[in-house]
Amino acid sequence: MFTMPVYWYSIPAQIKGVIDRIFSFVVGGKDIAGKECALIACCEEEDKSVMDGVRIPMERMCALNKWKMVGEVLVPGVLNVGDIDKTDGCKRAAALADAI
């Protein structure tokens, strides 16, 4: 499961590094199909489409690797300390983790 904040409307470099390492298995001929993954992301803006820069690459990576996306929790409006507590994001993330 990947969790990440949305910086500059894209996947953070640390997650890109993970994706690159996963892709090296594909290039090396290792079958990694059948895995499951989920996405949990937050951003400061209220518009959830801001997270498309994270959501769409994750969906494409799952399709390429033949993984099943088992869920996503996208939480907008998280800028200041404590903002996440004003949302149901943590509750939804916990429910997603329990479902996995």
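A: The protein has 3 helices and 3 strands. Here helices (H or I, at least four residues) and strands (E, at least two) are DSSP runs, numbered from the N terminus. Read from the N terminus, the order of elements is β-α-β-α-β-α.

This is a predicted model, in which local features need pLDDT of at least 70, side-chain atom pairs count only at pLDDT 80 or more, and totals for chains, interfaces and linings use all residues. Residues are numbered from 1 along each chain as its sequence is written, and side-chain values use heavy atoms, with hydrogens and water left out.

Confidence comes next. pLDDT is the predictor's confidence in each residue, from 0 to 100. Its mean over the protein is 87, and 92% of the residues reach 70 or more. Among the elements, strand 1 (residues 2–5) has the lowest mean pLDDT, 59. Helix 3 (residues 89–99) has the highest, 95.

Along the principal axes, the C-alpha atoms fill a box of roughly 45 × 30 × 20 Å. The protein exposes about 6,500 Å², and carbon and sulfur atoms supply 56% of that area. Accessible areas come from the Shrake-Rupley method with a 1.4 Å probe; for residues, only the protein chains shown count as cover. Of the 100 residues, 35% are buried. Buried means under 20% relative accessible area, exposed means over 50%, and partly exposed lies in between (1.4 Å probe, protein chains only). Take the contacts between residues at least 6 apart in sequence: 69% of them join residues at least 24 apart. Contact means heavy atoms within 4.5 Å.

Start with strand 2. Because 5 of its 7 residues (36–42) are buried, strand 2 is largely enclosed by the rest of the structure. It runs parallel to strand 3 (residues 68–75), and 7 bridges join the two. Two strands pair if DSSP finds at least two bridges between them. A38 has G71 of strand 3 as its bridge partner. Further along, A41 stands opposite L74 in strand 3.

Helix 2 comes next. R55 sits in this helix. Its relative accessible area is 18%, so R55 counts as buried. Leaving out residues up to four places away in sequence, R55 touches L39, E72 and L74. L74 is also the residue that A41 stands opposite. C62 is buried too, because its relative accessible area is 3%. N65 also belongs to helix 2. At 5% relative accessibility, N65 is buried. Beyond its neighbours within four places in sequence, N65 is in contact with I22, V26, I32 and A33.

Then the chain leaves the helix. K66 lies in the loop between helix 2 and strand 3. K66 has a positive phi of about 60° although it is not a glycine. Most residues other than glycine have a negative phi. K66 is exposed, because its relative accessible area is 62%.

What about disulfides? A search of the whole structure finds 0. A disulfide is a pair of cysteine sulfur atoms within 2.5 Å. For C90, the closest cysteine sulfur is that of C42, 9.0 Å away, so the two are too far apart for a bond. C90 is partly exposed, with a relative accessible area of 46%.

P12 lies in the loop between strand 1 and helix 1 (13–27). P12 counts as buried because its relative accessibility is 10%. P12 and G89 are 77 residues apart in sequence, and their C-alpha atoms are 20 Å apart in space. A97 lies in helix 3. A97 is partly exposed, at 41% relative accessible area. A97 and M51 are 46 residues apart along the chain, with 20 Å between their C-alpha atoms.
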